[in-house]
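Please examine the sequence and the three-dimensional structure shown below.

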Amino acid sequence: MDMNSFSPMMPTSPLSMINQVKFEDEPDLKDLFITVDEPESHVTTIETFITYRIITKTSRGEFDSSEFEVRRRYQDFLWLKGKLEEAHPTLIIPPLPEKFIVKGMVERFNDDFIETRRKALQKFLNRIADHPTLTFNEDFKVFLTAQAWELSSHKKQGPGLLSRMGQTVRAVALSMRGVKSRPEEFMEMNNFIEIFSQKINLIDKISQRIYKEEREYSDEMREYGPIHLLWSASEEDLADTLKGVASCIDKCCKATEKRMSGLSEALLPVVHEYVLYSEMLMGVMKRRDQIQAELDSKVEALMYKKADADLLTEEIGKLEDKVECANNALKADWERWKHNMQNDIKSAFTETAEENIHYYEQCLATWESFLASQTDLHMEETSEDKPEAH
């Protein structure tokens with residue numbers, strides 16, 4: 001923000017300045033609402049896993065009902081993500097939370113882990129629901145509405161193993177071959193992604209380190225309150241003062257916990273989601289290049305007449321259309337993603353800054369009030385000790 005843009009009559013406290021630049025989302029006419037809740041553990045002889053209840057409410061005509069309730073496990077979410085990438089290779093699919101690899105099952109299925117994943121899975125589905133193209137994907141509809149056996153049957157209708165292997169081998173070959181001349185706008189896009197990835201990964205590491213240090217600071221500070229209370233029991237003259245210090249520490253501990261809660265809910269998930277987005281974007285660029293590389297290989301084959309010219313000409317025409325559609329889809333989705341990314345990150349940092357300012361103001365007021373009371377008490381004691389004037 002240009003500081004000259006602020007009105008001279010505007011309050012100049014940091015908190016009021018931040019309130020002036022808050023973002024107001026324009027109202028959307030949503031017709032699809034998705035909630036992920038009620039995680040449930042399942043233990044079989046082969047594996048242990050968690051399912052989540054997914055409730056969908058909609059007014060869309062293509063749905064058979066206005067409300068659906070299903071249960072899904074993490075592997076089902078992975079299947080949906082794969083189908084979306086397969087159907088829309090150059091659209092920016094929202095990222096899923098990582099499948100964390102941990103040493104102990106207890107760690108993996110503790111309450112914090114499950115709640116963090118639940119929120120991330122809910123955001124994943126709502127990102128898709130808000131997307132102008134992905135929201136109408138047939139596999140997405142099946143994911144939201146089909147019962148477990150129906151979903152299992154639907155999954156089997158996909159391409160066979162040999163077909164998938166053939167597609168993978170061809171994609172790897174094309175990616176190794178590379179593209180001869182990537183259009184300038186996609187070169188710029190790729191450069192942006194590389195720089196963005198470096199910066200967002202750095203911010204993620206710093207944010208995690210700050211949170212860890214805050215946790216250590218909070219744990220250490222929490223020990224000082226009881227210490228001052230015990231101390232007050234053995235110092236009769238300082239008892240009230242030491243109890244006052246203990247009370248101030250306790251209030252600051254609660255304020256610190258609230259600030260850490262804000263960090264873990266408002267900032268850390270947003271930053272880490274865009275770390276995953278940066279990885280997703282690199283995948284999108286590779287898929288776009290694979291489509292162009294396939295076209296380039298056919299054009300090269302036609303130049304050297306390595307195969308039937310008429311057949312190659314027909315294939316090239318189809319591939320040119322495919323490349324144009326892929327490029328247009330990516331360009332449109334790119335602008336949409338950048339707009340959402342900027343709003344999300346600005347909003348997260350604005351909220352964090354506001355929380356920090358409120359935290360320091362609260363702690364400062366706590367200690368100022370205590371010190372003022374001690375000063376008044378000292379002045380009263382001093383005046384009582386003075387000899388009366390004759």
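**Aromatic pairs, a buried arginine and a helix**

The structure holds 12 aromatic pairs, where rings of Phe, Tyr and Trp (its six-membered ring) pair if their centres lie within 6.5 Å, and planes under 30 degrees apart count as stacked, over 60 as edge-to-face and the rest as tilted. One of them joins Phe63 and Phe68: the ring centres are 5.9 Å apart and the planes stand at 55 degrees, so this pair is tilted. Phe63 and Phe68 are both buried, a term that denotes under 20% relative accessible area, with exposed meaning over 50% and partly exposed the range in between (1.4 Å probe, protein chains only). The pair of Phe192 and Phe196 is stacked, because its planes are at 10 degrees, with the centres 6.1 Å apart.

The model is predicted: local features need pLDDT of at least 70, side-chain atom pairs count only at pLDDT 80 or more, and totals for chains, interfaces and linings use all residues. Residues are numbered from 1 along each chain as its sequence is written, and side-chain values use heavy atoms, with hydrogens and water left out.

Phe192 and Phe196 both belong to helix H8 (residues 184-234), where they are 4 residues apart, about one turn of the helix. Helices (H or I, at least four residues) and strands (E, at least two) are DSSP runs, numbered from the N terminus. Phe192 is partly exposed at 29% relative accessibility, whereas Phe196 is buried at 11%. Ring pairs also link these two residues with Tyr274, Tyr277, Trp334 and Trp337 into a cluster.

Charged groups also lie over rings, which requires NZ of Lys or CZ of Arg within 6 Å of the ring centre and within 35 degrees of the ring normal. The charged end of Lys141 sits over the ring of Phe63, 5.6 Å from its centre, and Arg72 lies over the face of Phe143, at 5.4 Å from the ring centre.

Another arginine, Arg60, is found in the loop between strand E2 (48-58) and strand E3 (67-73). Arg60 is buried, with a relative accessible area of 8%. Its side chain makes polar contacts (N or O atoms within 3.5 Å, one able to donate a hydrogen and the other to accept it) with the side chains of Asp31 at 3.1 Å and Thr135 at 2.6 Å.

Helix H4 (residues 111-130) has 20 residues and should span 28 Å at 1.5 Å a residue; its end C-alpha atoms are 29 Å apart, which agrees. The expected span is 1.5 Å times one less than the number of residues. Among the buried residues of H4 are Phe113, Arg117, Leu121 and Phe124.
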